[in-house]
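Hi,

Here is the structure I promised to pass on. Have a look at it first, and then read my notes below.

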Amino acid sequence: MGIKDSIFIGEMLIDEGLITPEQLDAGLKEQKKTDKFICQTLADLGFASEDKIFAVLSRKLGISYVRVKDRTIDKAVIEKVPAKFASYYKLMPLELKKDRLTVVVTDPLDVHTLDDIKLLLNFEIHPVLGGEKDILEAIKKYYGIGADTIERIMAETAHPEELRLPTAATQDVEELVEDASIIKFVNQIIQQAYYDRATDIHVEPYEDEMKVRYRIDGILYDATIPPSIKYFQAAIVSRIKIMANLNIAERRLPQDGRIKVKVGDDDLDLRVSILPTPYGESVVIRLLTNRMLYSLEDLGLSKPDLKILEEMIKKPHGIIFVTGPTGSGKTTTLYACLSKINNKEVKILTIEDPIEYRLKGITQTQVHPKIGLTFANGLRSMLRHDPDVMMVGEVRDLETAEITIRVALTGHLVFSTIHTNDAAGAVTRLLDMGIEPYLVASSVECLIAQRLVRTICPDCKYPIKGKKEALLDLGINNVPQDAVIYEGKGCETCKFTGYRGRTGIYEFLVMNDQVRELVLSRASADQVKKKAVKSGMRILRQDGVDKVLKGLTTVSEVIRVTPQEEIAFE
C-alpha cells in the first residue's frame, strides 16, 4: 500500500475519533518497517481494536467487513485456493458463486495483489475486509498447520508416496530431512504448540494417516494438519531425531533426547521420547519453559494449606512426601518448595529422573541406571556432599525408601514423591515395601496428595442453574444456601473449551501423635484417613468443592480427578 493511501485511511480514523494524529505518525513509521496494511499496524500497536478500525473502514469504503471465525467455509471453496497462495497473500477464500470468488483480505485497496490473485486462480475476485490474525487462524483451521510447507514439498518431490514404503531408500529420506521445508514444518508444529500453551506434542503414525495431537491443560486435542503429511512421517521423525542428537538410522529401539529452542522471548527445553510401532516411530515431545516454575503462592493452595506447607519446609529434618498420579503437578510443587528455601546459606541437592527444570543455586543430578547411578546409589554419594536439604525424584523401591528415611533421621530435610491415590495411602505403601512402622512414624512429617483441575475461562464464565443437584453429585450433604457455581460457555480465548489454565487441589496429612500411633500399629489407610480428617485434614474432593464454590473450576472437573467420597460441608 502506498503512503498516500495509508494517510488517507489514517485521516478517516482520526475524523472518527479512533486514533490521534500522533498515533497515526507512529503507525506510519512502524508500517515502513513491517510493510503491513496501516489498519493492521495501528491495531497491532494497540491504538484501537481491530474490530473498531475495520468497522469504520468498511463503512467509509463500502467494503464488507467479515469475521472469518464466525463463518463456516465449504471445503470445495477451500480447494480452489492452494495453501501456499493463502499463506503468502494472507487471504482466506470465503465463497464461490459461478466464476466470482469472494476472498477475505487485510488490504482490499492493494490492487496489484488482487490482480495477481485473479491471474493465478483464474477467477473474478471479490475482496472483503478481514483482520490478519483472524485470517491466519482460519488458514490453520481449514488448511492445517504448515499446509503451505507440505504443499511445497509435495510439488518438489517426484514420488512422495514411495517415502512411506518400507523399501524406501534411506538416503532419499535423509536427503529430505535436510530440506528447508521439512525443517520449517517441524518448527511450525513446535511454535503452534507453544502458542496454544501445550505441554506435550504427540506425533502418531497409523496405517493410513499420521496424527499430531497437543495436550493442553491436561487434555489431548487433535491439531489440524494436512492429510499429505503421512508421506513425510519418516522425514519428520528423522528431523526431530537430528534436533535431539539421536540416531536416525536406529528405528527398532526406543530413544530419548533433549532439544533446546527459542520461541519468541522464551527458551524452551524439549524432552523427546521415541517409540517404535508397526507403522513407524511415534514421538512425544514434552515442552518445558521457565514460565512453568511457580512460587508456593501460585500453586492454588488454600490459606490453611499454604500455612502448613510453609511451616513444614522450615523443619530442620524429616520427609515431606508429595503423592499423586503422573501429570498431577508433583514435581512443580517440589520445585516451588525448593525455590522458597533456596538461599546462599543452604546446600540443596536433588537426584531426579529426569531433571525437569534447571534451578539456579541448586545442585541437580540425573539418575543413569545403565552405569549404576540409581536413586539409591546417588543418595549414598549425595550424603558425602554435605547437604542440608535433599530432593529424591521418586521413592520406587525398598532400597531407595530405606536410604531416604535414614537420610531424614540423620538430620536432613528430604522432599520426595510416591505414587498413591491419596495421602493416607502413601503410609501403607511404605509399610508394604517393607519399611518398619517405627521408621515411618519417626521420619515422615507430612504427606501431600494433589491433582490438577482445569480453571474456568474468565472471558466466558457464567453462573449455572441446578447448583444443588450438581453439588450433590460431589457428595456434599449440606449445600450452602448462597452457593453459586460457574461454567465456561466456550469462546475464542479458550478455543471453545470453557477452560483456560489449571490449578491444584490438595490433601495435607500432617503426622501428629494420633496418626503416628496408628502407623505404629500398622492401621489400614482408611483408619489413618479417618483419624486425619478428625484432626482437621480436608480431603482432595473437599478442596475441589471449595474451588468450585470460589468459581475457579467446575463440578465435572472435580469429579473427573477425585474419588467419590461423602463430604459434610462445614
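Let's begin with Thr455, which sits in strand 15, residues 444-456 (strands are DSSP runs of E, at least two residues, and helices are runs of H or I, at least four residues, both numbered from the N terminus). Before going on: this is a predicted model, so local features need pLDDT of at least 70 and side-chain atom pairs count only at pLDDT 80 or more, while totals for chains, interfaces and linings use all residues. Residues are numbered from 1 along each chain as its sequence is written, and side-chain values use heavy atoms, leaving out hydrogens and water.

Is Thr455 buried or exposed? It counts as buried because its relative accessibility is 15% (buried is under 20% relative accessible area, exposed over 50%, partly exposed in between, with a 1.4 Å probe and protein chains only). Beyond neighbours within four places in sequence, its contacts include Tyr499, Arg502 and Leu552 (contact means heavy atoms within 4.5 Å).

Now the cysteines. How many disulfides does the structure hold? There are 0, where a disulfide is a pair of cysteine sulfur atoms within 2.5 Å. The closest cysteine sulfur to that of Cys460 is in Cys491, 3.8 Å away, so it is too far for a bond. Cys460 is buried, at 8% relative accessible area.

Last stop: Asn342, in the loop between helix 14 (330-341) and strand 11 (348-352). Asn342 is partly exposed, at 25%. Its C-alpha is 9.4 Å from that of Val389, 47 residues apart along the chain.

Cheers
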